[in-house]
Amino acid sequence: MQGSVHSFQSLGTVDGPGVRAVVFLQGCPLRCSYCHNPDTWDAQGGTPMSVDDVLARVLKYRGYFGRHGGVTVSGGEPLLQAAFVRELFAELKRQGVHTALDTSGCLLNDDVDALLDVTDLALLDVKMNTNDDYLRHIGLPITPVLDFLK
């Protein structure tokens with residue numbers, strides 16, 4: 001299986017516990033007015049990579065993870081590629097690596113449910129606290145995020 005990868009960060013310290021390798025995926029359905037990564041919005045951009053390609057890239061840093069670190073997948077919005085992330089996380093878990101998902105929680109379906117089964121930590125970015133603010137600043141309603149949180 002292939003995913004569309006935007007970039008990697010080798011020694012992240014703010015995307016979950018410990019020192020982490022961070023994988024930024026390409027594609028996002030949101031249009032946040034304050035987005036830090038608008039270059040990840042276009043789902044057609046990015047570099048096609050297999051799970052094995054991503055594993056080879058992130059596991060080079062395994063020696064830095066220590067007891068608390070691991071791998072975080074962020075974006076864009078990783079839920080757009082939930083089946084790919086699930087396969088990646090399943091292999092990381094087989095190898096004893098902590099997994100974290102950094103998501104806006106804007107999607108919920110069977111692929112996302114399967115992904116959450118192999119996710120150690122979900123970092124949910126609730127961007128606003130009212131539906132009106134979500135519609136105005138994000139471009140989508142807050143309802144899917146609240147459903148994801150449940």
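## Strand 2 and its side chains

In strand 2, Arg-20, Val-22 and Phe-24 point one way while Ala-21, Val-23 and Leu-25 point the other way, and all of these residues are buried. The description here concerns a predicted model. Because 6 of the 6 residues of strand 2 are buried, this strand is largely enclosed by the rest of the structure.

## Pairing of strand 2

Strand 2 is joined to strand 1 by 5 bridges, and these two strands run antiparallel; within this pairing, Gln-9 has Val-22 of strand 2 as its bridge partner. Strand 2 also pairs with strand 4, here in the parallel sense and over 5 bridges, and Val-22 has Thr-72 of strand 4 as its bridge partner.

Helix 1, which spans residues 51-58, has Val-51, Val-54, Leu-55 and Val-58 as its buried residues. Seen down the helix axis, these buried residues fall within an arc of 100°, and they therefore line one face of helix 1. On the other side of helix 1, Asp-52 and Ala-56 are exposed.

## What the buried face packs against

The buried residues of helix 1 pack against strand 2 (20-25), and also against strand 1 (2-12), strand 3 (47-50) and strand 4 (70-74).

Terms used
Residues numbered from 1 in each chain as written. Predicted model: local features only at pLDDT ≥ 70, side-chain atom pairs only at ≥ 80, totals over all residues. Heavy atoms only, no water. Buried < 20%, exposed > 50% of the residue type's maximum accessible area, 1.4 Å probe, protein only. Helix = DSSP H or I, 4+ residues; strand = E, 2+ residues; numbered from the N terminus. Arc of directions from axis to C-beta. Contact = heavy atoms within 4.5 Å. Pairing = 2+ DSSP bridges.
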